[in-house]
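Subject: Handover of a structure and the findings from it

Dear colleague,

Please find below the sequence and the structure that I am handing over to you.

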Amino acid sequence: MKILKKKKQNKISLVLAGGGAKGIAHAGVLKFFEEKGYKPDMIVGTSMGAIIGGLWASGKSIDDLKEFYKEQFALKNYINLRIVSMFDFSLSKFLMGPEAFLRMGNSLGIDKPGKFQELFVELTDGKNIEDLDIEFYCNAVDLKSSRDYVFKRGNLAEAMRASMAVPGIFIPVEKDGMMLVDGGVMDNMPVKIAKEHGADTIIAVDVMDDYGTIDFKNAFDVISRVIWVNSIRMLHENKKYVDLFMDASSSAGFGDFDKFDKFFEHGYNVAKKNEKALEKIFSKKQRRI
């Protein structure tokens with residue numbers, strides 16, 4: 001009797017980097033995926049990559065996310081600054097203002113406690129990571145141990161909130177004796193998580209634009225750079241393990257959520273530009289028999 005050998009599964013992972021509002025480009029990339037019928041086996045995300053990737057893995061369509069961000073989301077409702085304008089919000093500009101500095105001196109962050117957590121619980125319908133249709137992981141950094149922490153199970157909303165906790169801006173998430181902040185502090189494009197969990201093919205989408213030389217104009221520029229120094233080093237190390245690297249970076253600001261359409265269209269166009277490479281990857285996808 002002839003014994004059929006099982007074919008090796010080509011496990012495809014999509015890795016989505018952090019980058020604040022710039023990360024909306026991930027939604028554009030995923031819109032292209034939806035149109036083409038592409039579905040990765042795994043999504044790994046950091047910060048905004050964890051939010052967009054986590055929501056998509058939880059079953060939200062990109063049209064759902066697009067409608068929410070354009071019609072319902074206002075950053076001023078989540079940042080605890082009285083001077084935030086209803087029509088004009090520049091996060092970096094306000095962080096340089098006196099009220100932001102006062103709050104930083106008296107609090108662990110300038111966001112309204114619990115507001116983002118409540119939002120994420122609502123958007124994810126309270127789902128746990130292990131219950132998602134797509135395998136999902138996101139990273140954060142424990143300030144107490146100075147180590148990476150990878151969310152593999154448990155409440156998705158909590159994982160997303162921890163992964164996006166930019167130091168000094170968003171209040172850290174306390175969990176099991178840890179104090180968790182944005183995963184991008186150590187690894188903004190955590191390809192290693194995908195590798196460690198069995199990914200055979202890795203597609204990575206980056207949205208940052210300041211990995212090279214930047215013009216330091218003020219203390220905020222210096223602080224921002226310090227936060228990302230290790231991630232810049234990790235990016236170059238991670239790239240060698242990536243099968244398809246898509247650069248969706250832009251020069252806009254982290255808090256420019258009013259530029260949703262610009263970021264979204266940019267991400268979609270980047271994915272379309274890589275259409276042939278994506279088609280090659282997903283057409284070779286083999287399931288076990």
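The notes below begin with how the model was treated and then turn to its parts.

The model is predicted: local features need pLDDT of at least 70, side-chain atom pairs count only at pLDDT 80 or more, and totals for chains, interfaces and linings use all residues. Residues are numbered from 1 along each chain as its sequence is written, and side-chain values use heavy atoms, with hydrogens and water left out.

The chain as a whole

The protein chain has 11 helices and 8 strands; helices (H or I, at least four residues) and strands (E, at least two) are DSSP runs, numbered from the N terminus. Of the 289 residues in the protein chain, 53% are buried. Here, buried means under 20% relative accessible area, exposed means over 50%, and partly exposed lies in between (1.4 Å probe, protein chains only). A contact means heavy atoms within 4.5 Å. Among contacts in the protein chain between residues at least 6 apart in sequence, 75% join residues at least 24 apart.

Strand β2 covers residues 42–45. Both of its faces are covered, with M42 and V44 buried on one side and I43 and G45 buried on the other. Two strands pair if DSSP finds at least two bridges between them. By that rule β2 pairs with β1 (residues 12–16) in the parallel sense over 4 bridges, and L14 stands opposite I43. With β3 (residues 135–142), β2 likewise pairs in the parallel sense over 4 bridges; there, G45 has C138 as its bridge partner.

Together, β1, α1 and β2 make a right-handed β-α-β unit. A crossover is right-handed if, with the strands pointing away from the viewer, the path from the first strand over the helix to the second runs clockwise.

The loops on either side of β2

D41 lies in the loop between α1 and β2. This residue counts as buried because its relative accessible area is 14%. The side chain of D41 reaches the backbone nitrogen of I12 at 2.8 Å. That is a polar contact, namely a pair of N or O atoms within 3.5 Å; within protein, one must be able to donate a hydrogen and the other to accept it, and residues adjacent in sequence count only if both atoms are side-chain atoms.

T46 is in the loop between β2 and α2 (48–57). Its relative accessibility is 0%, so T46 counts as buried. Leaving aside neighbours within four places in sequence, the residues in contact with T46 include L16, N139, S163, D182 and P190. S47 is found in the loop between β2 and α2 as well. S47 is not a glycine, and its phi is positive, near 55°; at 6% relative accessibility, S47 counts as buried.

D176 also has a positive phi, of about 50°, although it is not a glycine. D176 sits in the loop between β5 (173–175) and β6 (178–182). Is D176 buried or exposed? D176 is exposed, because its relative accessible area is 68%.

Y137 belongs to strand β3 and is buried, with a relative accessible area of 8%. Not counting residues up to four places away in sequence, Y137 touches M42, I43, V44 and G45, as well as V150, F151, K152, I193 and H197. Y137 and K152 are 15 residues apart in sequence and 5.4 Å apart in space, C-alpha to C-alpha. The side chain of Y137 also makes a polar contact of 2.4 Å with the side chain of E135.

V150 is part of strand β4 (residues 147–151). Leaving aside neighbours within four places in sequence, V150 is in contact with Y137, C138, N139 and I193.

Helix α10

Helix α10 (residues 260–273) has 14 residues, which at 1.5 Å a residue should span 20 Å; its end C-alpha atoms are 20 Å apart, which agrees. The expected span is 1.5 Å times one less than the number of residues. Buried in α10 are F260, F263, F264, G267, V270 and A271. They cover an arc of only 130° around the axis, so they lie on the same side of α10. The arc is that of the directions from the helix axis to the C-beta atoms. The buried residues of α10 pack against α1 (25–36), α3 (62–71), β8 (244–247) and α11 (275–283).

Yours sincerely
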